[in-house]
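Here is a short tour of one protein model. Look at the sequence and the fold first, then read on.

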Amino acid sequence: MVRKPYQKQQRFDCSPIAQVELNLESRDEIVPVLLGLQYLYTNAKLRTKVVQAVAADLNQDSRRDVGRPGMDDWHVVVLAAVRLGCNLDYDKLQDQVENHRRLRGIMGIGDWQDTDGFTFRRIRDTICLLKPETISKINQAIVTAGQSIAPDASSTVRADSFVIETNIHYPTESSLIYDGVRKFIPFCVELAQQLETTGWRQVGHLVKKIKSLKQQIGRIAASKSSRKKEALESRYRDLLQRVALLLERAKSLTNEAKSLGASTVTLSLITTIEHWTGLTEQVCDTARRRVLLGESVPNCDKLFSLFETHTQLYRRGKAGQPNQYGRLALVYEDGAGFISHYHLMARDVRDQDVVVEQTKLAQKKHAGEIHTASFDRGFYSAENESNLQQIIEDVCVLPRAPGEYVQRIKNESAKFHRTRLHHSGIEAAIGVLQRGNGLKRCRDRTELGFERYLGLAILGRNIHTLGKLLLSKQRPNASAAQSKRKAA
């Protein structure tokens, strides 16, 4: 696919990107995002670094000088920043490309130029070519550029973790078992037709019976009957027996296909069936252990979604959210509001397990300039505090134990207390990421998509912060340049 870094030939029907006039009095979130992108484009060294990183992903296994025309690398940078910088879905992003004149100006698209190539599918497929590592590099370049404008920003950070929900329904074993059945049965029917095997004519009725049992279990679980436990065990026993028969038939079918010498298409079907039956068996096993045997099943053995298998359950004591299904992300905010470092945590680790390692990486990204850092009590351990003090001069992390906490509060310096009071600003940054940058719930699929989504949201926030920083210098009295947030 033919791609260019950006349009070097000036068009008659649009202004140069550096001369696109933005409404700096507007408080809409797209204005600072476009202002940040304009600064990125006019900084030739920064622009080259970013578009080269994007080009390496877009044409990793293909040539750039042959094929049909594709999006420029600069177009991809702008679309990636605007998508979650303004918390848009792909349909709204397509509409903005078609109708938002200043966005088109920043992209270098003229008034006479057709935008048929910017369909939501094409935008989605192109952005999904970006690797999380590439997005992280672009983020680092943006943060470095922003810290050069506000040099004092790199000396302080505050860090915290939060749960980003995966896009799943509420997980119960009965609903997950039904998900598995309705996925592997159609593939079994297709494979049986290829092999001309009988016995799968009434699968529609079987799936409906599984669905009926799932609904009965849901109603019983929500009731307050004194015989609730016995009724649940009875329904689950019936459900597990029926599903076990279906799983056995699916295994027999795949074994038969393998013995007959399967073609490439048949092998693909067999792999798909084995994938879904394996997940269904895992959920059936945890349901049997929990409901029929009365075991307390650890989270590491559970599946909370058959479609987003990386989902984890977190119980962090949040008001109104006792259970959160998703993944933990750790973010570091510098003194200017940039998210200078972020990390998607593994399913089985806690805050205190990763804080030292990630703080070392954050210090490296800041070129060793971090002098003050603050953390929540969830990151504390005596060993962690000692290790953090070897990385950063002033570390504010308080013990979890109430007695130790009170004693530390009494004995610490005024500087320590100021850092502790300013630490709460990270909660505001997390709130902005959740409400304004789509990190309340990830809308992309798979674990790789989840990591990419996190990076794109951070990219949108950092470019927005860069735009606000530039706006405060160009038009300090503008209402859009004002902020009540205190620096870290």
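In which helix does H75 lie? H75 lies in helix α3.

## About the model

This is a predicted model, in which local features need pLDDT of at least 70, side-chain atom pairs count only at pLDDT 80 or more, and totals for chains, interfaces and linings use all residues. Residues are numbered from 1 along each chain as its sequence is written, and side-chain values use heavy atoms, with hydrogens and water left out.

Helices (H or I, at least four residues) and strands (E, at least two) are DSSP runs, numbered from the N terminus. Helix α3 covers residues 73–85 and has 13 residues. Its first and last C-alpha atoms are 18 Å apart, close to the 18 Å expected at 1.5 Å a residue. That expected span is 1.5 Å times one less than the number of residues. After α3 comes N87, with a positive phi near 55°.

Buried means under 20% relative accessible area, exposed over 50%, and partly exposed in between (1.4 Å probe, protein chains only). In α3, 13 of the 13 residues are buried, so the helix is largely enclosed by the rest of the structure. H75 has a relative accessible area of 6%, so H75 is buried. What does H75 touch, leaving aside its neighbours within four places in sequence? H75 is in contact (heavy atoms within 4.5 Å) with M107, I109 and F118.

## Q38 in helix α1

Q38 is found in helix α1, residues 30–42. Is Q38 buried or exposed? Q38 is buried, at a relative accessible area of 10%. Its side chain reaches the backbone oxygen of V20 at 2.9 Å. A polar contact is a pair of N or O atoms within 3.5 Å; within protein, one must be able to donate a hydrogen and the other to accept it, and residues adjacent in sequence count only if both atoms are side-chain atoms.

## Aromatic rings

How many aromatic pairs does the structure hold? There are six. Rings of Phe, Tyr and Trp (its six-membered ring) pair if their centres lie within 6.5 Å; planes under 30 degrees apart count as stacked, over 60 as edge-to-face and the rest as tilted. F304 and Y325 form a tilted pair, 5.6 Å centre to centre with 55° between the planes. This pair links distant parts of the chain, 21 residues apart. F304 is in the loop between α11 (264–292) and β2 (312–314), and Y325 is in strand β3 (residues 324–334). F304 is buried at 6% relative accessible area, and Y325 is buried at 14%.

The rings of F375 and F379 have centres 5.8 Å apart and planes at 55°, so this pair is tilted. Both residues, F375 and F379, are buried. Ring pairs also link Y170, F304 and Y325 into a cluster.

## Charges over rings

A charge sits over a ring if NZ of Lys or CZ of Arg is within 6 Å of the ring centre and within 35 degrees of the ring normal. R249 lies over the face of W200, at 4.6 Å from the ring centre. R377 lies over the face of Y405, at 4.1 Å from the ring centre.
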